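Please read them beside the sequence and the structure.

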Amino acid sequence: MNSNSPSDSHSLRDGDSDKFEFTFEFYLDSRRRIESDVSPGPEHRDETQSLTESIYEYHKEYGRTYHAYRAGSYHVPNDVIEHERQENQYELIKILLDGRLYLAPLSKDPVRSPRKILDLATGTGRWAVEMADEFPHAQVIGTDLSPVQPELVPPNLRFEIDDGNEEWQDGPDWHDIDYIHFRFTVVSWADWGQMLRVAFERLRPGGYVEMQEPDCDIFSDNAEIPITNPLKAWFRDLRRAAALANRPIDAVPHLKQLFIEAGFVDVQEKVYKIPIGDWPRGRKLKQMGRLWRQNVADGLPGFSYALWNKWLDRSREQIDVQLVEVRKALSDKKSRAYERFFVVWGRKPEI
Ligand SMILES: C[S@@+](CC[C@H](N)C(=O)[O-])C[C@H]1O[C@@H](n2cnc3c(N)ncnc32)[C@H](O)[C@@H]1O
């Protein structure tokens, strides 16, 4: 285990520039070069310290906190409430994927297993930690706008504060990557096609990208769920607000096509149905439905406040009234609602 706090300082390994470690300090230095708006604080702190501290100066609104680095880019909070929701969501997806962290055919052979793994928008970093344990020969990097990841992590994992919508970093760990992973990154990206094109460019030939994303709508195999259903309407509002905020979600059902257009081959798609509520018969589906209903309920205020207020022009009071109806709809077993979860992966051709 190893501490990855931003205040850690690493340096070039003695006389071995090939093994240069891309450290948080180096990252801050390089960011400073392209960010003219970062200047020393009034106490004449040095610039690195100033930027390091500013990423912790979270924006507070609606009784929640939001990321400070590239403030305003992401509209969902970064507080404990949201992290607990993410942790529960992680457990649910583990059940859904039968304990697997990924579906791409990554080799476990020590000679051919991935050496460089990137987890974009890592959140609490739980996936990255488990991936680093599963692939001890790999260097894993998890990036996010918020420095909310744990400090004690496997020695082959580090976290970096980075905006995936901006130009990706340089440095050896950011090129010839074996596997790039995205999970629950909806409402994060301005252009999914562009994310895939950049990921394609940064992969080594033969490397994989995998996206695991919900399409943020509800369906039923019984009968079409009408838009008068408050939960269906809430998801429509989410997609609408996200589009206005230039963080469109509509691409998720079309990810497979976007992978192909970006140049990936052997593109595979698996679409899971995650029940909302404990209406299914089977034990596993019932358990997932219960967990997912709770997860959606826990996420409602965090996903709604900033997006609805800033982009749908609704007051906090109006949002709270809407959420009362949405919570009621979450308990409706009759519609047998489910959400779709897309897992798509593709390989960069060898030649
Ligand atoms: C819903 S969380 C999911 C986290 C994690 N992937 C998981 O599955 O639990 C979305 C994360 O994306 C991060 N994020 C949003 N926009 C981003 C951006 N432009 N660059 C990097 N991270 C971003 C947020 O800070 C948040 O931690």
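1. Helices (H or I, at least four residues) and strands (E, at least two) are DSSP runs, numbered from the N terminus. The chain has nine helices and eleven strands. Residues are numbered from 1 along each chain as its sequence is written. The model is predicted: local features need pLDDT of at least 70, side-chain atom pairs count only at pLDDT 80 or more, and totals for chains, interfaces and linings use all residues.

2. Around the ligand there are 21 residues, the closest being Tyr74, Ala121, Gly123, Gly164 and Ser188.

3. By type, the shell holds six nonpolar, twelve polar and three charged residues. Ala, Val, Leu, Ile, Met, Phe, Trp, Tyr, Cys and Pro count as nonpolar, Asp, Glu, Lys and Arg as charged, and the others, Gly among them, as polar.

4. Strand β11 (residues 338-347) is largely enclosed by the rest of the structure, because seven of its ten residues are buried. A residue is buried if 20 or more other C-beta atoms, placed from the backbone, lie within 10 Å of its own. Of the 351 residues of the chain, 39% are buried.

5. Strand β11 runs antiparallel to β9 (residues 203-214), with seven bridges, and to β10 (residues 265-275), with nine bridges. Strands pair if DSSP finds at least two bridges between them. In β11, Val343 stands opposite Gln212 and Arg347 opposite Val265.

Definitions and conventions
Buried ≥ 20, exposed ≤ 12 C-beta atoms within 10 Å, placed from the backbone. Near = placed C-beta within 6 Å.
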